[in-house]
Each structure stands twice: as C-alpha cells, then as structure tokens.
Amino acid sequence: MRGDDPMMSLDEALARRRSVRGYRPDPVPDTTIREIFSMAQAAPSNCNVQPWISHVVSGEALARLGQAMVAASQEGIAPDPDFRADRGFEGVYRERQIDAAVQLYGAMGIDRHDRPRRDWAYRRNLEFFGAPHAVFIFMPGAFEEREAVDLGIYTQTLMLAMVSRGVSNCAQGALSLYPSIIREHLGVSADNRLLLGISFGYEDETVAANAARTGRAPLDVAVRFHA
C-alpha cells in the first residue's frame, strides 16, 4: 500500500504490524510523514500532558548520525542509555527473548557462535537497517515511569498509523544506547531523555532478516478474566 491506496482497517494494521529490518532507499513523502505524526497526536496520555518529543531524521542527517553511532560502537565506547538497558529476563520472558533471537538470526543464516556476523547484525541496528527515516522519542526529564507509559501508547499509535499507510517500521531499543551522540547531532537539550528510536520506510522484501516471524502467547496466558 502506497500513495493514493486506501487506508487499511485497524484490524488489518494490527495484523500486519511487525518489526521490519531492511528497507528500500526511496523516502516516504513528506505529506505522508506529517499525516502519520498528526494521527499519532491523538494518542491518550495522563491528564493530556502529551509528554513526548519526537525528532524525525532523514537523508544526510540520518546518515551522519548512524555513522557516529557505529563509530562509537567499533571504538569500544560503552553505551550510556538514559534508562537502564542491561536488565536480564528470566523464566518465560527469557524463553521468548531467546526464541526471537533464534527466529531472527536463523532467517539471516547466522550461527550463534559466528561472532563477526552477529556483530555485523548488531551494527545494522545503528544504521537503521537501511531505512530512509528514523524518529527518536524523548521524554522531558521531569517525568518518570507514569509518563513513560504515555510514550509507549504514543509509540504504538504512531507505528499503527505508519502501517495503515503502507510504511514499515521497527521500534529499537538499540537506538537509545548512545543518547549523548544523538542529542549532540540533533541539538536536543540534556534535560530530554531518550526512550527509543523507530526506523521507518518501505520494506525491502529481499532482505533475509525480514523473513523472521515471532509468535505471541495464547490469550488465556496473557489475560485473566474476572467476573
């Protein structure tokens, strides 16, 4: 779906949304991007404070930012995210994490012991998987966990708005690992903390990583019904 094609239903957008890790270079039209972000502004938030600040980056600015983050990674500069990113998962949550990795690296044909190719796959995160656009979503420093929930709601609204217009995307925690570099490149105040980034554009279906699929827990595992 692109251009003048009709917008898909919410049901279809929910079914189609997935993390896309390979993009064609052709950009999304500016009018479409503005329309998508205008739709996301309808997301609810506690007391309607709308505690999200989004920075959309494209073109040469995006290329320079990606190069800076890759260079930092290759030089061994330790990530310094604004929010803790080293918490491990346990139990079923660890099992789901492992399954997601198995599906992704399996689709790319990368063995778990192939460190050079796994490092290459990691760096693709910092290069936005070749996407022509990315958005970095910041939260003003005065806010905490309650408002972070609002940013999550905004993020899902934004991604579904993208999908409804045929724009693929991938929400990436990896894009929050070097917030100081990102703030410097974008001229963002240190008072604004980076929660995540989203790469977006038109899917390149020839990229092996895009064949990966992950499952979801059964409804009765995730939801408890009380009456």
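How exposed is D119, by its relative accessible area? D119 is partly exposed, because its relative accessible area of 29% lies between the 20% under which a residue is called buried and the 50% over which it is called exposed. Please keep in mind as you read that this is a predicted model.

**The salt bridges**

R115 and D119 are 4 residues apart in helix α5, so about one helical turn separates them. An α-helix has 3.6 residues a turn, so residues three or four places apart point the same way.

A search of the whole structure finds 8 salt bridges. Here are some of them, including the pair just described.

| Salt bridge | N to O distance |
|---|---|
| E203 and R18 | 2.7 Å |
| R24 and D26 | 3.6 Å |

The pair of E203 and R18 links distant parts of the chain, as the two residues are 185 residues apart. E203 sits in the loop between β4 and α8, while R18 belongs to the loop between α1 (10-16) and α2 (30-40). E203 is buried, with a relative accessible area of 15%. In the pair of R24 and D26, R24 is partly exposed at 31% relative accessibility, and D26 is partly exposed too, with a relative accessible area of 25%.

**The sheet**

Now let us turn to the strands. In what order do the 4 strands of the open sheet stand? The order is β1-β2-β4-β3, and the pairing is antiparallel. β1 (53-58) and β3 (168-172) are at the edges, where each has a single partner strand, so one side of each lacks a neighbour in the sheet. From one strand to the next, the twist averages 25°.

You can follow the pairing residue by residue. β1 pairs with β2 (residues 133-140) in the antiparallel sense over 6 bridges. Along this pairing, I53 stands opposite F138 of β2, and V57 stands opposite A134 of β2. β2 is also joined to β4 by 8 bridges, and these two strands run antiparallel. One of the places to look is P140, whose bridge partner in β4 is N192. Of the 8 residues of β2, 7 are buried, so this strand is largely enclosed by the rest of the structure.

**Helices and what they pack against**

Helix α7 (residues 179-186) has P179, I181, I182 and R183 as its buried residues. Those buried residues pack against α3 (59-74), β2 and β4 (192-201). After α7 comes G187, and its phi is positive, near 70°.

α3 has a helix partner as well. Two packed helices are described by the angle between their axes and the distance between the axes. For α3 and helix α5 (residues 115-126), the angle is about 145° and the axes are 9 Å apart. Their crossing is right-handed. On the α3 side, the contact is made by G66, M69, V70, S73 and Q74, and on the α5 side by Y122, R123 and L126. Sorted by class, this contact has 4 nonpolar, 3 polar and 1 charged residues. Helix α5 therefore holds both the R115 and D119 pair, about one helical turn apart, and residues that touch α3.

Which residues other than glycine have a positive phi near 60°? C47 is one of them, with phi near 60°, and F128 is another, also with phi near 60°. C47 is found in the loop between α2 and β1, whereas F128 lies in the loop between α5 and β2. Are they buried or exposed? C47 counts as exposed at 69% relative accessibility, and F128 counts as buried at 2%.

**Past the helix α8**

A last stop is V223, in the segment after α8 (219-222). V223 is partly exposed, with a relative accessible area of 31%.

Notes: Residues are numbered from 1 along each chain as its sequence is written. This is a predicted model: local features need pLDDT of at least 70, side-chain atom pairs count only at pLDDT 80 or more; totals for chains, interfaces and linings use all residues. Side-chain values use heavy atoms; hydrogens and water are left out. Two strands pair if DSSP finds at least two bridges between them. Axes are lines fitted to C-alpha atoms, for helices over the stretch in contact, and angles run from 0 to 180 degrees between N-to-C directions. Buried means under 20% relative accessible area, exposed over 50%, partly exposed in between (1.4 Å probe, protein chains only). Contact means heavy atoms within 4.5 Å. A crossing is left-handed if the near helix is turned anticlockwise from the far one by less than a right angle, and right-handed if clockwise. Ala, Val, Leu, Ile, Met, Phe, Trp, Tyr, Cys and Pro count as nonpolar, Asp, Glu, Lys and Arg as charged, and the others, Gly among them, as polar. A salt bridge is a side-chain nitrogen of Lys or Arg within 4 Å of a carboxyl oxygen of Asp or Glu.
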